[in-house]
Amino acid sequence: MTEAAVVRFDVEDGVGVVTIDYPPVNALGPGVVEGIVEAIDAAQSNPAVKALVLIGAGRSFIAGADIRRFGKPRPPMARRTYDALDGSSKPIVAAIHGFALGGGLENAMACHYRIAVPSAKVGLPEVLIGILPGGGGTQRLPRLIGPKAAMEMIVSGRHVPAPEALKLGIVDALVDGKDLRKEAIAFAKSIADKRPLRRVRDLTDRLAEAKADPGMFEAMRKSIARKARNQKAPFNCIAAVEAACSQPFDEGIATERSLFNELENADEAKALRYAFFAEREVARIPGLSKDVTPPVLKTAAVLGAGTMGGGIAMSFADAGFPVKLLDASAEIVERGLARIRDNYATSVKRGSLAQAEMDRRMARIEPVATYEDIAEVDVVIEAVFERMDVKKEVFAKLDAVMKPGALMLTNTSALDIDEIAAVTKRPEAVVGAHFFVPANVMRLLEVVEGAKTAPATMAAAMKLGRDIGKISAWAGNTDGFAANRSRITFTQEQGWMVEEGALPEQIDKVMVDFGYPVGPFAVNDMSGLDVSYQTRKRRAAADPTYRGLPIPDRLVEMGRKGQKTGAGWYRYDKGDRTPHVDPETHRIIKEVAAERGIQQRAFTEQEILHRLLFSSVNEVCKIIEEGKALRASDIDTMWLNGFGFPRYRGGLMFWADSIGAREIYNQVAAWHQRYGGRWQPSALLRQIAETGGQLRDAKAPQMG
Ligand code: 3HC
């Protein structure tokens with residue numbers, strides 16, 4: 001045994017085995033690179049070694065460079081692993097299980113052979129953290145699989161399953177993986193004497209594809225132009241692959257390096273790295289010690305076969321869980337199932353889901369008729385109509401039938417969890433689970449802790465969310481919980497600014513330019529103006545001081561409910577979803593403003609952006625100071641995964657730091673003077689402004 005503890009080297013049967021052992025995912029952290037280089041170099045002069053194997057201990061091969069080290073000064077590397085592997089005089093086999101990502105796959109491609117277990121995944125996901133593969137990946141992958149397929153993988157950053165990697169030519173063979181080390185040694189022995197060594201850097205055949213189709217790079221740039229606007233990394237990825245096709249290998253590597261250097265310290269990469277770690281930090285809940293072991297949940301039931309319930313059932317089926325579906329009648333369940341089938345069929349038609357996989361997923365969803373049919377499942381998610389009396393009735397029934405220890409989740413976006421839990425004899429087993437629409441697509445799951453929710457229940461619900469592919473985020477039991485409550489001020493200001501003279505299309509343009517895929521008014525037209533109309537009417541009836549939104553109210557009352565009626569904020573041609581600016585909307589806005597005596601005026605783009613987002617920043621500070629969200633970075637995670645906030649801006653609070661807490665506080669205070677109570681500055685915002693701290697670091701009082 002030699003080298004640092006994170007890399008082991010031993011010789012077995014004429015094969016030198018280099019094992020990376022740097023938990024949890026074998027990132028190329030301190031000592032790993034040096035350890036690999038040393039082991040490979042030492043093996044060159046060791047006569048006992050005829051071939052080598054590069055393998056990872058634990059759950060993965062190598063997950064890539066250590067992301068924590070980016071953006072910080074790094075000592076220059078004496079020698080890169082890629083050069084040591086590639087330059088070896090003895091053949092090296094990369095044996096892949098778990099993940100080979102980023103620098104992990106780049107190291108594997110610098111080896112002479114790659115074998116993988118069928119469950120392994122490979123990819124170059126650097127673009128997702130705002131950089132490009134900087135270890136030769138943009139030069140070697142096109143040589144292995146052709147520039148077009150390489151570009152698609154690098155620009156999307158997707159994880160490619162091993163069987164597809166075999167077809168593409170990234171790996172040479174799949175092995176069964178019962179004992180990967182043994183299989184890799186056998187493979188290495190079988191190729192030990194083959195010469196010349198097959199170095200990926202020397203391959204040129206596939207690069208000719210760029211000559212046959214020289215327009216492919218421009219076509220790729222065009223195809224991502226809309227989605228990647230305001231970003232640099234995806235375009236640098238394309239440029240690097242283009243260089244692979246036009247420059248000799250070493251020159252291409254130099255081009256890759258300089259394109260990489262342009263990105264590493266840019267705002268885009270900083271924001272995306274922050275988002276990466278924020279999405280992992282969100283899993284940690286103070287007070288939930290590691291000793292709380294969540295129960296293993298194997299079976300589930302969803303109560304409510306509407307759009308929400310159906311989407312939740314699909315999330316379970318997608319993740320491989322059997323799930324029962326129950327509603328008031330067999331017909332309603334059948335209708336729900338038909339909608340689920342249609343959704344899957346659309347994916348099959350689009351080519352994103354295989355028919356056989358659709359069949360497997362459908363088979364996991366079992367329609368049932370009575371509460372007794374779901375009594376034995378480990379977890380039930382209630383997704384019935386959003387009305388307290390209905391939810392209470394359902395929970396009383398569930399309490400009567402569910403087996404002891406069953407987890408009981410209520411999917412609500414606003415109702416009081418404690419009031420729902422109170423109708424049961426086991427409030428400790430009840431927890432809120434706020435899914436976002438469409439539930440099978442949106443990654444955010446807000447897990448809402450009630451006053452009596454047990455720690456084990458919280459831990460189980462958080463884990464359940466992760467098991468079905470969601471990002472679980474803790475929220476306190478407050479009106480709208482953390483996510484919607486932080487967003488509602490944005491929605492209100494959006495409506496009130498229109499009364500004051502900003503046009504819907506102007507606000508939409510500002511937000512699309514900012515990076516949202518669609519502006520808020522166009523979104524409103526898609527989801528239907530009538531949904532929030534009902535909520536406003538209910539609120540107005542309950543609270544005489546409630547200030548409504550008279551313009552969308554008027555639109556709904558005129559039958560303009562959005563896309564589905566051919567008009568809302570915008571006008572739509574029959575069968576077409578393109579929004580057209582509508583002078584009739586302008587007339588209605590003016591009319592309502594005049595009726596209410598509101599003076600209209602012009603707005604600048606900056607005022608629009610700041611008014612929408614500062615209102616939410618102020619509200620987030622209030623939510624945190626009340627302890628209803630744990631961290632500002634949790635709210636950022638919610639906005640990224642629940643509301644389509646542009647990821648390359650990190651999140652609402654990360655973005656806010658680019659303006660500065662002081663400037664935001666001053667503006668909020670000025671608007672408080674002008675517009676009154678709703679702009680009351682949060683004490684926490686004021687404190688951060690005064691101490692010169694970062695908004696993104698704000699934490700709830702219970703975080704200590
Ligand atoms: N660097 C540093 N830490 C990493 C890491 C990395 N590349 N990959 C994972 N981690 C950490 C996570 O932060 C987490 O830490 P925590 O427990 O303290 O929160 C821990 O490892 C486990 O990670 P996950 O919770 O994400 O574990 P999963 O099993 O859910 O996912 C994974 C595993 C798919 C490997 C996922 O962690 C992942 O996508 N990692 C990033 C992969 C990546 O982007 N690689 C490219 C890096 S850049 C690069 O290689 C540049 C090169 O081209 C020069």
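**The ligand and its surroundings**

Author: Of the 26 residues around the ligand, those that come nearest are Arg59, Gly103, Glu106, Glu126 and Arg280; a residue is near a molecule if one of its heavy atoms lies within 4 Å of it. This is a predicted model, in which local features need pLDDT of at least 70 and side-chain atom pairs count only at pLDDT 80 or more, while totals for chains, interfaces and linings use all residues. Residues are numbered from 1 along each chain as its sequence is written, and side-chain values use heavy atoms, with hydrogens and water left out.

Reader: Which polar side-chain atom lies 2.7 Å from an oxygen atom of the ligand?

Author: A polar contact is a pair of N or O atoms within 3.5 Å. Here the side-chain atom belongs to glutamate 106. The protein covers 79% of the 990 Å² of accessible area that the ligand has on its own, by the Shrake-Rupley method with a 1.4 Å probe. Polar backbone atoms take part as well: that of alanine 63 is 2.9 Å from a nitrogen atom of the ligand, and that of alanine 65 is 2.8 Å from a nitrogen atom of the ligand.

Reader: Which helix gives the most to the shell around the ligand?

Author: Helices (H or I, at least four residues) and strands (E, at least two) are DSSP runs, numbered from the N terminus. H12 gives the most, with three residues. At least two residues each come from strand E5 (64-65), strand E7 (99-101), helix H3 (103-110) and helix H12 (267-281).

**Backbone features**

Reader: Where is there a cis peptide bond, with omega of about 5°?

Author: That bond joins proline 23 and proline 24. Proline 24 has its place in the loop between strand E2 (15-20) and strand E3 (27-28). Another cis peptide bond, with omega about -10°, joins valine 437 and proline 438. Proline 438 is in the loop between strand E17 (430-435) and strand E18 (444-449).

Reader: Which residue other than glycine has a positive phi near 70°?

Author: Asparagine 230 has that value, and its place is the loop between helix H9 (216-224) and helix H10 (233-246). Aspartate 13, also not a glycine, has a positive phi of about 55°; aspartate 13 lies in the loop between strand E1 (7-12) and E2.

Reader: Is aspartate 13 buried or exposed?

Author: Buried means under 20% relative accessible area, exposed over 50%, and partly exposed in between (1.4 Å probe, protein chains only). Aspartate 13 counts as exposed because its relative accessibility is 54%. Asparagine 230, with a relative accessible area of 46%, is partly exposed.

How values were computed. A polar contact is a pair of N or O atoms within 3.5 Å; within protein, one must be able to donate a hydrogen and the other to accept it, and residues adjacent in sequence count only if both atoms are side-chain atoms.
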